[in-house]
Every structure is written in structure tokens, then in C-alpha cells.
Amino acid sequence: MRSDRVRRLTLVSMSGLRVVDPDLLRRGLSFPGLRKRANAIASLPPLGLLTLAATVGDGWDVSLVQDDGGLPLDQTLEQIMATNPDVVAFSSLTPAVNRAALLSNRLRSRSVTTVIGGLHATAAPETCVDHFDAVAVGDGERIFPKLLSDWREGRLKQFVRADEPIAMTESPVPDWSLLGDATPPRYAMQTMRGCPWACSFCAASRMLGPPRTKSDRQIELEVEAITANHMRPWIELADDNTFASDRDHGPMLESLRRARAKWFTESDWRIADRPELLKAIARSGCRQILIGLESTVFRYPGMGRKTAGFQRMVDAALAIQEAGIVVNACFIVGADGETRQSIERLGDFLETAPFGEVQLTLQTPFPGTSMYRSLRQSGRLLEGDFSRYTLFDVVYHPDLMTADELRSAFADVISQVFRPAMHARRSKIIQSVRSFVRKLT
């Protein structure tokens, strides 16, 4: 492989988080609340691959292909082949990994080298090794340059592993130029990686470890890079739990405020106990925070100090909204102890709940989580491949219902919570919250 000629590298982003159940499509995808959030997620640029692109040295011509699974496989394959690649690097979430494997097999038959990385490959590399020339395990910033160097030297290994997590101060500013002339409606930015908790349903804390933060200067440079493309941008922080670290968040919030950005992130309810921080978050342009209330019937293992009584978390969400920040209350349907009646009670509660937004997903035991190991060991995982791990498909045997009963109850609560009247009610709550923050500014 030793040569001085420019080689072609194609980065392929695959999410796979799509509603594919026909009944849910009929009941829920057309509802404004679900469609708005689904479109927002789909519009996000592939931050991980853009960051890796910034680590690629001279001698490579880099292209980007984004695949959300909506096109026939042959069309996506031709999009990739149109870049004339020597190496194709996939980043895939769990529900898209089988599609990525099919594409990889076709590419390898055309003498194209394929590699895969990302959270799924790190959590379950053994599920990828038969379909890709190499599997990258761990933080990509540390692995990727070595992987490409090994390929050029003809000594690419099946597994390329990071010896240890990278310090986030070493992570480069993403290469936004790969988007070409496209201006996404929302940008993504990561200020930290990892989480202090180890919730049994979450692979991030297990795979990514304790919180690691970028420097204030890095965040400032990334905000400047985004605003160079788009004045007053919408930014989603791709953090696992933005305010869980012990850093001084003031400089980060000031960078966002100066950029006049509108932004979204995820955190836990405990920020409600920090009123001065809440005020600073609201003044910096934060429009919404996703707060995991998780379940009305079950407290997941590993939640640490995130664990609290349900009403305590509801009160915290109210305090966050009273500070001028819309709460997107996230619930997981189908935990142990769940029954059709408890799911119906959740729906009834959300009829009058004070949250500006609501997110409902099915419990999904992703590889790398303690939940996955537990359900697999007890024989409760349903047969089938990873394409069903979409957050909207039942992939395990519930403890107090059949899989069909859970599927039906989930579809019913989706219909109830996301019908137009409920969307209109939550829109009024959002307007009320945002009118308050306008007074602050």
C-alpha cells in the first residue's frame, strides 16, 4: 500500500433511529410533536465523523456520505462508489449496523477497504468483525490516524483499539468544510464526553467513562467555527450529561450567549438545585433541556445521585421551566414492573403534565449496557437482528406482559400523548416559558 499518490477516504454516517413499525407510523409519525423532533434529529450533521475528518493528514481526499436508511441499499452503495473510495469508514448506531454490514460486504467485493467505529463497534466489536476489514474500538480521535497509517503501510489489523480514553483537550475542531455549501438547520457541538452515572439502559457511561471536558478556549473556537457558517445558529450539544461535571460552566455559557445561539442539551434534574446556573443557562440562549424522568414504576440501577422520587423530579422540571428553559421530559416505556395499566396511567398523567415537550421511547437494551447482558443471560431477548433496536420496537420479553401487549400499549400511549390537542397544549406551555425568558433578556 506504500504510495505517494492521494488516496480517497469516504466517511459514511448511519444512524438508523427511524420509526419502522407500520402501526406507529400510522398513529404517531404524522403528529406534529413527534415529527418536529424527528426532523430536528435527522437534520443534525454527523459530528463524530466531522471531528475525525479533522485528524486526517495530508495525502487523503475526504468525502462524506450521510445515510439515514431511507434509500434502497443499491442507491446508497452507488453514492459511496461515486466518490471512488480506497477506504470507507462507517460510523453506525446499533439499528443501522446490519445495513452497514451489507454495504461493507458489497464494497469489499469491489476491492474497497472498509472499517467501522462508533459506540456500537466499541460496545460489541465481535458483531462487526466478520463484515469489515477493521473495527475501531474506543475514542476515534486517537485511533483513526493510526488506522489510516497502518492501511497505507499494508499492516491494517482486524481490531484497532485505543489504549486509553482521549483527553477532550486533544479533540480537534470538526471539519465543517465537508458539508460543502450545505447549511444544516441545526449544528452539533460536544463540550464533554462521558457521564458520572452508569444507568443500566445507557451504554455511553460504560463505554465512554467519567466526564471529560473540553477547554473553554476549544468551546469558543468551535462556536466561532459554527457562526462563521451560520449567524445566530441552532446548536445541539452532543453531550451525555452537560452539567454533570464539576467544571465552571460560565465561560461556555458566555461563548454561546455572545454568539446569540439558540441551543438544546441533555442533563439531569439536579440542575434545578442550582438557581444561579439556571439563570445563566437561560440567558445564554438555551431553549430546551431534555431531562430523563425515565419511568413512573421503576428506578433503573446505576443512576447514582440522579435517582429520586418521581414527584421530586417533576418538581425539579417545573423549577427549570420557571427559569425560562423548556423541559423535554423523557420517559422509557416497558421497564420491569410495567403493565398495561401503568402505561395507561402514564398517558393520563401526561394529559395534564406541565412539560413543554415529551419524549416517549420503548426500553431498548443496547449492546454494552448491563441491561443487555442481564436480559441476554436470562433468555429474555427476542430473536432478530439489531435493525429492530430503534427505540420504537419491542426487542425483549417484558416481565409482566407479553411482547405483543407491550407493543399495543405503547402504540396506544403514543396516540394519546402526541395527538394534535396535546401538541397544542404543550405549545402553549412553551410559549409561556419563552415569554418569561424574553423578559430576562
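Biologist: What do the buried residues of α4 pack against?

Modeller: They pack against β1 (7-14), β2 (60-67), β3 (87-92) and α5 (97-108). Packing rests on contact, meaning heavy atoms within 4.5 Å. Helices (H or I, at least four residues) and strands (E, at least two) are DSSP runs, numbered from the N terminus. This is a predicted model: local features need pLDDT of at least 70, side-chain atom pairs count only at pLDDT 80 or more, and totals for chains, interfaces and linings use all residues. Residues are numbered from 1 along each chain as its sequence is written, and side-chain values use heavy atoms, without hydrogens and water.

Biologist: Which residues of helix α4 are buried?

Modeller: In α4 (residues 73-81), Leu-73, Thr-76, Leu-77 and Ile-80 are buried (under 20% relative accessible area, 1.4 Å probe, protein chains only).

Biologist: Why do the buried residues of α4 line one face of the helix?

Modeller: Seen down the axis, they fall within an arc of 100 degrees, so they line one face. The arc is that of the directions from the helix axis to the C-beta atoms.

Biologist: Why is α13 called roughly parallel to α15?

Modeller: Helix α13 (residues 340-352) packs at about 10 degrees to α15 (residues 403-417), with the axes 10 Å apart. Angles under 35 degrees count as roughly parallel, so α13 is roughly parallel to α15. The contact includes Ile-343 and Leu-350 of α13, and Leu-406 and Val-413 of α15.

Biologist: What makes β2 and β6 the edge strands?

Modeller: The open sheet has 6 strands, ordered β2-β1-β3-β4-β5-β6, with parallel pairing. Two strands pair if DSSP finds at least two bridges between them. β2 and β6 (159-161) each pair on one side only. β1 and β3 pair over 6 bridges.

Technical notes:
Buried < 20%, exposed > 50% of the residue type's maximum accessible area, 1.4 Å probe, protein only. Axes fitted to C-alpha atoms, helices over the stretch in contact; angles between N-to-C directions. Parallel < 35°, antiparallel > 145°, perpendicular 65-115°, else oblique.
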